[in-house]
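Please keep the sequence and the structure in view while reading.

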Amino acid sequence: VFITPTNLSAVAIKMINYTSDDIWYDPFCNSGSYYNQFPNDIKCKLYSEILEGKDFFEFNEKIDIISSNPPYSILDAVFKKSIELNPRVINYLIGINNLTAKRLELFNNAGYGLTKIHICKVFKWFGMSIIIQLEKGKDNIITYDRIVWR
C-alpha cells in the first residue's frame, strides 16, 4: 500500500473542471488522501475501500468524476471497471511506465481522450509517476501508435 501524499492528491484534484452537481468517487480511499480533499461545494462524494469491505469492483452507482491512486498491480482491471462506470472524468495517479499505447487505446475506444498529464516524483516510489486525466468525448493531447518499429 502506497499512500499518496496529500499535497499531490490536491494537485490531481485541481486538474479537474467540475460543477457543484457532480458526483465524485474515490475507489481506493484508504487514508482519504483524495476523498478528504474533494471540493466542499459538490453534490455528493462516494468512496470504496477494500479494507472496509467496500470493493471497487462491486461498485455500480452513477458518478461523474473518479479521482484516486489505483493499485498498479491490477491497472487493466481498474481501467476496464472505470470505463464501465462511465464517468465524465477519470483522474488517476499511476507510474509513468504504466501509460501504454494499449491502455490509451482502451480508453480511446470507449470514448475517452487523454486531456491532461502531470509528471511528478514521489519520495521512495519507484521511478516517475504521472497523473493522467481522461475525459469522455474529448480528444487526446498526444498522439501514439501501436506499431512495433524496426
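**Overall form and charged pairs**

Q: What radius of gyration does the chain have, and why does it agree with a compact globule?
A: This is a predicted model. For 150 residues, a compact globule would have a radius of gyration near 15 Å. The chain agrees with this expectation, because its own radius of gyration is 15 Å.

Q: Which pattern does the chain follow along the sequence?
A: The secondary structure consists of three helices and six strands. Read along the sequence, these elements follow the pattern α-β-β-β-α-β-α-β-β.

Q: What percentage of the residues in the chain is buried?
A: A residue counts as buried when its relative accessible area is under 20%. Of the 150 residues in the chain, the buried ones make up 46%.

Q: What share of the contacts between residues at least 6 apart in sequence joins residues at least 24 apart?
A: A contact requires heavy atoms within 4.5 Å. Among contacts between residues at least 6 apart in sequence, those that join residues at least 24 apart account for 60%.

Q: How far apart do the centres of the positive and negative side chains lie?
A: The chain carries 17 positive and 16 negative side chains.

Q: In which helices do the salt-bridge partners Arg103 and Asp76 lie?
A: The side chains of Arg103 and Asp76 meet at 2.7 Å, N to O. This pair links distant parts of the chain, 27 residues apart: Arg103 belongs to helix 3 (residues 101-109), and Asp76 to helix 2 (residues 75-85).

Q: What is the relative accessibility of Glu135, the salt-bridge partner of Lys138?
A: The side chains of Lys138 and Glu135 form a salt bridge of 3.7 Å, N to O. Lys138 has a relative accessible area of 44%, so this residue is partly exposed. Glu135, by contrast, counts as buried, with a relative accessibility of 11%.

Technical notes: Residues numbered from 1 in each chain as written. Predicted model: local features only at pLDDT ≥ 70, side-chain atom pairs only at ≥ 80, totals over all residues. Heavy atoms only, no water. Helix = DSSP H or I, 4+ residues; strand = E, 2+ residues; numbered from the N terminus. Rg over C-alpha atoms; globule rule 2.2 N^0.38 Å. Buried < 20%, exposed > 50% of the residue type's maximum accessible area, 1.4 Å probe, protein only. Lys, Arg positive; Asp, Glu negative; His and termini not counted. Charge placed at Lys NZ, Arg CZ, Asp CG, Glu CD. Salt bridge = Lys/Arg side-chain N within 4 Å of Asp/Glu carboxyl O.
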